Structure formats: structure tokens, C-alpha cells
Amino acid sequence: MKIEGTTAVVTGAASGLGAATAEALVAAGAHVVGLDLPSQVEKADTRDGVRLVPADVTSEEDVSAALATLDAQRPLRVVINCAGIAPARRTLSSRGLHELDLFRRALEVNTLGTFNVLRLAAQVMAEQPADDGGQRGVIINTASVAAYEGQIGQIAYAASKGAVVGMTLPAARDLARYGIRVNTIAPGIVDTPMMASLGPEVNASLAAGIPFPQRLARPSEYAQLALMLVEHDYLNGEVVRMDGALRMPPQ
């Protein structure tokens, strides 16, 4: 899939993985529309070539309205779902029971939000002419190594990301007839603003548990992998771990 001259939509584009991916797509020649919550868009740095649109990924109306603003002269070929939350709560602890609403919210944002963007974007892609290779688009979702090795306190997060892993192959099979590929990236520990807020000592401790390279992943490395998955036409229905050979311990 050629990126140059096309439109790409990135969710969670105001910061972290989404911001790095949006910048990489602009550098590759794409016109990028970034979706994020209004509060995040308001405080985001202005990035050349990225048009940030306030939208809640769990809202059919918000996402449909954002997709309706795309330039018809540049087909939507790439969608990368980076929006997500990472609640931390044990099923049962001295603080009491895991709140049902917190579990529900993790599923709403990470699973339902991903599916909502995937289905609405696929509808747009399916109505466009195919390229020379018969492709109409590529959708890349973001899971986590927690989908496989959820730690203590990650039950909601692990469940929501496990669902993203689980939908990858069925989505790829569903959309194959339209020439749309679907892949998922499962990152390990990435040096995002959220991780930076934990402090250097915590980050150093986390990095020490990674076999090699013994450091946190960079958002730019996620972006590099996402673009590779877009450009590699034979990768479809795959979940790719990006974790430095890390296998998460219980805590």
C-alpha cells in the first residue's frame, strides 16, 4: 500500500503513540486527520500536516462526522487506532471490589472504540476505488502485551486488549472481499507521557526487566512498525508484538 498522496486517520493523535504515528504518516506523504477527545485536542501542540478533530471514538456520531470531513480527492487508505485507557485495579483488594463501571469503561474505550472506528472507516474504504493491487485500505489496531500476560491490577485492561487481539483475524477475514487488510500491534512498555509521569526510578526499573534492548520502546518505533505494516501488502490478520522479548511477570 502506497502512503503518499492518501488520507490517513489516527485516533488518540494528540499525544503518545498517536502523535508519533501521525507525524510519521505526514513524513511519508499522507494527509493526516487525527481524532482525540476535545480536552486533548485543546492542549495538543500544533503539528504541521496533522488536522486534529475532536471526537470520542466510542461515539458513532462523532466518528461518522469526522470521516465525513475527509477530502474525497485523497482516498482514505490508512486507519491506525491508538486511542485507549489503562485503568489499574485488582479484582478484590483492601480497597474493596473492582468497580463495574471502571471495567465497563475500559471495554468501551479500548474494545468498542476500536471496533467503532474500524467498522465506520471500513465502510468508507469499501466505497472507494481499489489501487493497482486491489487494495482499498489498511486498518491497524493497538493491543498490548497485557492481552497475553496481564499483570496484577490489569484485569480490565487485559480483557479489553485481549478482545482487540481476538477481533484481528475475524475482521481481516470479514473485510478481505473489499480489499481491506487488518493488523494489530501489541506493544510492551513504551516511553509515553503517561509512563514518564511515573518518574525516572520506576522507568529504570521497568527497563531493567526487558531482555534487549534494555530500555523502554520509543513512540517513533511504534510508528515505524505501523507504517511497515501498512506498506507490506502480504501482512494481514496478524498481531505483532513490539516488546524487546519482554514477557510480563505477575507484577
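## A first walk through the chain

Of the chain's 251 residues, 49% count as buried. Keep in mind as you look around that this is a predicted model.

**Start with the whole chain.** Show it as a cartoon and you can follow nine helices and nine strands.

**Next, bring up the contacts.** Taking those with a separation of 6 or more, 72% are between residues 24 or more positions apart.

Colour by charge to pick out 21 positive and 26 negative charges, whose mean positions are 4 Å apart.

**Then zoom in on one residue.** Select α5 (146-149) and α6 (155-175), and look in the loop between them for Gln-151. Is Gln-151 buried or exposed? Its relative accessible area is 19%, and the cut-off for buried is under 20%, so Gln-151 counts as buried.

**Finally, see what surrounds Gln-151.** Select Met-248, Pro-249, Pro-250 and Gln-251: these are the residues in contact with Gln-151 once its neighbours within four places in sequence are left aside. Which backbone oxygen does the side chain of Gln-151 reach? Draw a distance to Pro-249, where the side chain of Gln-151 comes to 3.0 Å from the backbone oxygen.

Definitions and conventions:
Residues numbered from 1 in each chain as written. Predicted model: local features only at pLDDT ≥ 70, side-chain atom pairs only at ≥ 80, totals over all residues. Heavy atoms only, no water. Helix = DSSP H or I, 4+ residues; strand = E, 2+ residues; numbered from the N terminus. Buried < 20%, exposed > 50% of the residue type's maximum accessible area, 1.4 Å probe, protein only. Contact = heavy atoms within 4.5 Å. Lys, Arg positive; Asp, Glu negative; His and termini not counted. Charge placed at Lys NZ, Arg CZ, Asp CG, Glu CD. Polar contact = N/O pair within 3.5 Å; in protein donor to acceptor, adjacent residues only side chain to side chain.
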